[in-house]
Number of protein chains: 2
Amino acid sequence: MSQQKYQRRKEDRPAEIAAAAFEAFAEKGYAATRVDDVAKRAGVSKGLTYLYYKTKEDLFKAVIRDVVVRRVDSLIGGIESTALTSEEFLRGPFLDFMKKVPRSPVAVVVRLLVAEGWRHPDLVAYYYDNVVARGLGAIRGFVERGVERGEFRREALDLQPQLFIAPMLTSILWRLIFTEKPLDTDQLIESQVDLLLEHLAT
Amino acid sequence: MSQQKYQRRKEDRPAEIAAAAFEAFAEKGYAATRVDDVAKRAGVSKGLTYLYYKTKEDLFKAVIRDVVVRRVDSLIGGIESTALTSEEFLRGPFLDFMKKVPRSPVAVVVRLLVAEGWRHPDLVAYYYDNVVARGLGAIRGFVERGVERGEFRREALDLQPQLFIAPMLTSILWRLIFTEKPLDTDQLIESQVDLLLEHLAT
DNA sequence: ATAATTACTGACTCATGAGTCAGCAAAAGT
DNA sequence: ACTTTTGCTGACTCATGAGTCAGTAATTAT
């Protein structure tokens, strides 16, 4: 019976701790999460956590950044395929993407940002640059292309890109607050695409 | 020099404390707010707070309920005036209402619910019944009336009422998270009304 | 085998903040 | 005036949880 109390795995620890921390923060929020809990989840002592992350706040920031780059990149990446007409694109890949987000970890990041964002302005800025600005830019580019191709009316350029994502954000909020009151978020998002196409189409 | 250390104002204290608490919660969130701070803001000792509210959580709930009934009632009340055509109503009172909300204390309540709601299910239920359900019901009733009057197409009845409020919620979120990145929320809300009218009109 | 290195542990300190309560002072009663 | 009642105070206790660090055990070097 070789009773190893632990293995040394310097390489994997940071990622494991960050993953455990994300779970914990997602469930209980930042303030209500104890570093001890995170450590327990990661199968590690509290002290080790402090070896890899100087403070609880550092851990928080690392987690957000990690989730953001990992998940959002893969999601936004899929949006760049463009062999389709504007309508096909909106009803296809765009719709799929929008439907996915409210069920993805990005939704949890939104909660954390709403709840604790004011205390971490640099984090908010990071999130804005890497997610929001890129996303809005992509939408704007898409609309411009539609106009150039003659698939959209010229007035389309005046629409704020936030109109495209409003129902997705509403869906996220709804799921976060009223988890037990069901809402057909897919339907909501689809209706908005209908409205937009009706208005944009030549 | 009559040196009164304090005046006894049993009647006003609860409201004053609740108001101070709302300010504090709005600024820092529930967890990060110290009861001592609330007392200081209200010009009162910490002990007195506990005389009127058994625990910090009680105080929190009282504050939410207070804000909700006070403000939302007055806001939703103004929506019941109905001597207008559906389009006039949407472009008039409805639009005004929607534009007001993101700047009102209701926005802060949303933040508090997102951040701490999971720990207070009864509070969420209360908010749903007294704000969300009533609001959605009002919208549904409005659409039905529009159809009866022949001002809206029959398909209007299939639209989820959340479509009417999505840009308002987006505006709230945006202001909460990206306070420094301006967004013309009035414009956003107005565009959505345009989209809806275009789609609903006979 | 033995020594040197270092990833890791867990019991500790210390600051913070929720909740208490004995006593004080302002108003009301006599 | 002076007694009684009670709204109010602020110093206290006590639990919690962030962050530390001396020591331990798993590797690696010799």
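Analyst: **The surface around the DNA**

Helix 3 of chain B gives the largest share of the surface near DNA strand D, three residues. Before going further, a word on the ground rules: this is a predicted model, where local features need pLDDT of at least 70, side-chain atom pairs count only at pLDDT 80 or more, and totals for chains, interfaces and linings use all residues. Residues are numbered from 1 along each chain as its sequence is written, chains are lettered from A and ligands numbered from 1 in the order in which they are written, and side-chain values use heavy atoms, with hydrogens and water left out.

In total, 24 residues surround DNA strand D, and the closest are B:Y6, B:R8, B:R9, B:R13 and B:Y52. Of the atoms of DNA strand D that come within 4 Å of the protein, sugar and phosphate make up 64%. "Near" simply says that one of a residue's heavy atoms lies within 4 Å of the molecule or strand.

Sorted by class, that surface has nine charged, eight polar and seven nonpolar residues. Here Asp, Glu, Lys and Arg count as charged, Ala, Val, Leu, Ile, Met, Phe, Trp, Tyr, Cys and Pro as nonpolar, and the others, Gly among them, as polar.

A polar backbone atom of B:S45 is 2.9 Å from a phosphate oxygen of DNA strand D.

DNA strand C is surrounded by 22 residues, with A:R8, A:R9, A:R13, A:Y52 and B:R8 the closest. Sugar and phosphate account for 67% of the DNA strand C atoms that come within 4 Å of the protein. As for backbone atoms, an N or O of A:R9 lies 2.6 Å from a phosphate oxygen of DNA strand C, one of B:V35 lies 3.0 Å from such an oxygen, and one of A:Q7 lies 3.4 Å away from one. Helix 3 of chain A and helix 3 of chain B are the elements that give two or more residues to the surface near DNA strand C. By class, you get nine charged, seven nonpolar and six polar residues near DNA strand C.

Notes. A polar contact is a pair of N or O atoms within 3.5 Å; within protein, one must be able to donate a hydrogen and the other to accept it, and residues adjacent in sequence count only if both atoms are side-chain atoms. Helices (H or I, at least four residues) and strands (E, at least two) are DSSP runs, numbered from the N terminus.
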